[in-house]
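Here is a quick tour of a structure for anyone who likes to know what sits where before setting up a calculation. Have the viewer open and follow along.

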Amino acid sequence: MNHVAPLPGTKRACVIGAGLGGLATAIRLQAAGVATVLVEARDRPGGRAADEERDGFRFDGGPGVLNDRAALEALWALTGDDLSDAVTLLPVEPLCRYAWPDGTIFDLHADDGALTREIARIAPGDLAGYEDYARFTREMLAEFRTRPGPAPFSAFAALARAAPQLARHQAWRSLWSVIARSVKSEHLREALAVPALIGGANPFAASALLAAEHARERSGGLWWPEGGMGRLAQALQTRFERLGGTVRLHDPAARIHTLGNRAHAVETQSGWNDRFDAVASSADLVHTWRDLLGDAPRGIEMARKTRRRAHAPGLFTVSFALEGAWPGIPHRMVLLGPRFRGLVEDIYAHGVLPQDQMIWLDHPSLTDPSLAPPGKSLFHAAVPVAHLGKLPIDWETVGPMLEQRVLDEIGRRLVPDIHDRVITRFHTTPRDLALDFNASLGSGFGLDPGPLATGWLRPATRDARIGNLYLTGSCAMPGGGLPGALASAEICARTMLENLP
Ligand SMILES: Cc1cc2nc3c(=O)[nH]c(=O)nc-3n(C[C@H](O)[C@H](O)[C@H](O)COP(=O)(O)OP(=O)(O)OC[C@H]3O[C@@H](n4cnc5c(N)ncnc54)[C@H](O)[C@@H]3O)c2cc1C
């Protein structure tokens with residue numbers, strides 16, 4: 001822990017949660033001269049992107065790629081340093097391989113020529129339609145980049161403010177309907193819709209605004225931080241501490257104390273208690289309102305409202321190390337099942353655990369051999385499943401069965417003798433997300449980024465009543481995945497700086 005006494009008169013802020021969103025918020029505040037304390041429940045930074053050591057292997061639990069290099073570079077530049085001095089980013093190519101049970105394979109490339117050849121191969125009639133869609137995705141990205149906007153104070157204000165943009169881009173349409181009007185091949189439609197699912201959104205319901213992710217990946221590329229996502233989180237922590245910030249790990253915030261309409265102190269489970277001019281939480285929204293502010297009327301009111309909102313699905317993950325090198329399995333792959341819409345409906349609406357599944361398979365040791373000893377490989381498989389509110393099953397019993405099913409499927413489709421090659425394996429369930437991250441309903445992504453919880457319509461950065469309380473990270477505006485967490489940090493820090501007394 002680092003203790004630097006702030007100069008008299010210096011403003012003080014507390015950021016709760018050291019995921020990538022919380023780290024980015026804290027760095028921005030500290031770089032602007034606000035003495036900032038970052039409080040994290042777990043013993044390491046990174047949140048969902050933290051890593052974990054098992055049997056001599058270092059496994060990353062969350063995102064298998066970095067999809068917003070530009071935002072990270074901008075963050076580093078703000079601190080007067082160069083990202084490349086701290087972290088080596090390795091390119092991931094192809095951006096993703098999609099594979100179906102009928103044997104069809106489609107590689108999404110950043111390079112125009114290579115992608116055109118792939119589309120011509122699996123869906124020759126869709127070349128012009130894809131171009132239309134790609135243009136649309138670039139417009140969406142420009143909208144997100146130029147107009148994340150100041151924090152609106154209520155959902156109604158947000159809707160009113162956003163209405164012209166929403167109308168101009170037909171954002172009331174679902175992502176799927178925009179994809180389907182452009183391309184006819186079911187395989188291509190599914191491949192273009194999957195990134196929304198990886199951000200927690202149902203492509204059949206979520207706003208077409210989410211198409212921006214396609215343009216972001218294609219223009220900015222996908223990257224892997226050498227050493228893993230956990231290393232990146234450590235580098236961010238070091239950067240923050242070098243700027244003079246203070247990190248408290250392994251000490252969960254227990255209360256945000258309020259006085260009238262002000263948050264005035266944060267208390268942790270260890271009994272540490274300090275006063276602040278402003279507080280930002282990047283922890284789960286329900287947890288923040290119910291557990292950290294639960295003795296204030298505003299906390300009770302907002303916990304009730306937030307609990308009623310739709311949450312994104314849970315995630316089931318299997319991390320495993322294999323004997324052998326697998327150069328034919330790309331860094332990022334999606335193994336689609338026989339159904340797409342039906343499977344999505346089972347996860348989002350029906351709350352059942354289907355026999356079939358969609359597996360997002362990452363193979364980071366292909367890009368970064370430093371992650372595994374020579375002749376061995378690391379994999380991470382994630383399967384979206386209904387959250388605990390929709391599927392209240394006993395994950396202690398179901399987890400081992402689903403782990404076996406996921407490995408069997410990967411064996412059938414990619415590594416025939418997988419069970420003989422496994423060196424180590426373990427899984428995490430929505431229950432673990434609830435226990436380890438205070439994630440409401442074990443959701444992998446917080447609020448469902450549905451049509452009324454995307455972009456400008458996600459929970460506001462600054463609370464409408466407790467004027468010095470802020471929400472940041474992927475739970476808050478503009479939300480959704482790593483790019484959302486980093487954008488949210490920028491909006492949150494800027495709003496805090498504008499409003500610090
Ligand atoms: C398996 C998986 C795969 C993913 N893949 C992708 C992907 O490919 N692309 C993508 O864009 N996104 C992906 N995501 C989502 C991405 O990881 C998250 O959106 C992002 O990491 C969220 O960062 P955050 O800082 O907002 O939240 P978090 O990482 O959840 O950080 C919140 C932090 O708050 C801490 N906390 C909670 N309660 C307290 C408390 N009381 N006191 C102190 N600290 C507390 C938690 O321990 C945690 O460290 C994936 C997520 C998972 C789980």
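## A464 and the ground rules

A464 is partly exposed, because 16 other C-beta atoms lie within 10 Å. On that scale, a residue is buried if 20 or more other C-beta atoms lie within 10 Å of its own, exposed if 12 or fewer, and partly exposed in between, with C-beta atoms placed from the backbone. You'll find A464 in the loop between helix 17 (430-437) and strand 19 (469-471). R298 is 166 residues away from A464 in sequence, yet the C-alpha to C-alpha distance is 9.7 Å.

Some housekeeping: this is a predicted model, so local features need pLDDT of at least 70 and side-chain atom pairs count only at pLDDT 80 or more, while totals for chains, interfaces and linings use all residues. Residues are numbered from 1 along each chain as its sequence is written. Helices (H or I, at least four residues) and strands (E, at least two) are DSSP runs, numbered from the N terminus.

## Around the ligand

Now for the ligand. Its surroundings come to 38 residues, and the closest are G17, G19, G47, G473 and G481; a residue gets on this list if its C-beta atom, placed from the backbone, lies within 6 Å of the molecule. Helix 1 (20-31), strand 14 (314-323) and helix 18 (481-499) are the elements that give two or more residues to the shell. Helix 18 gives the most, with 4 residues.

Sorted by class, the shell has 18 nonpolar, 17 polar and 3 charged residues. Here Ala, Val, Leu, Ile, Met, Phe, Trp, Tyr, Cys and Pro count as nonpolar, Asp, Glu, Lys and Arg as charged, and the others, Gly among them, as polar. The ligand lies between domain 1 (12-89 + 226-309 + 450-499) and domain 3 (313-437), because both give residues to its shell. Those bounds come from an automatic or database domain assignment.

## Strand 14 and its partners

Strand 14 is largely enclosed by the rest of the structure, because 9 of its 10 residues are buried. It runs antiparallel to strand 17 (residues 376-385), with 10 bridges joining them; two strands pair if DSSP finds at least two bridges between them. One place to look is L315, whose bridge partner in strand 17 is P384.

Strand 14 also pairs with strand 18 (residues 422-428), in the antiparallel sense over 6 bridges. There, T317 has T428 of strand 18 as its bridge partner.

Strand 11 (residues 262-268) meets strand 12 through 3 antiparallel bridges. If you want a pair to click on, A265 stands opposite R275 in strand 12.

V34 sits in the loop between helix 1 and strand 2 (35-39). It counts as buried because it has 22 C-beta neighbours inside 10 Å. Leaving out residues up to four places away in sequence, V34 touches K11, R12, A13, L29 and L500, where contact means C-beta atoms, placed from the backbone, within 7 Å. L500 is 466 residues from V34 in sequence, but 9.4 Å from it in space, C-alpha to C-alpha.

Helix 9 (residues 212-220) is mostly covered, with 7 of its 9 residues buried. Among them are E213, H214 and R216.

A few backbone angles are worth a look. The peptide bond from E93 to P94 is cis, with omega near 0°, and P94 is in the loop between strand 5 (89-92) and strand 6 (96-99).

Two residues other than glycine have positive phi: D55, near 50°, and L441, about 60°. Is each one buried or exposed? D55, in the loop between strand 3 (51-54) and strand 4 (57-60), counts as exposed because it has 10 C-beta neighbours inside 10 Å. L441, in the loop between helix 17 and strand 19, is buried, with 23 other C-beta atoms within 10 Å.

Methods: Two residues are in contact if their C-beta atoms, placed from the backbone, lie within 7 Å.
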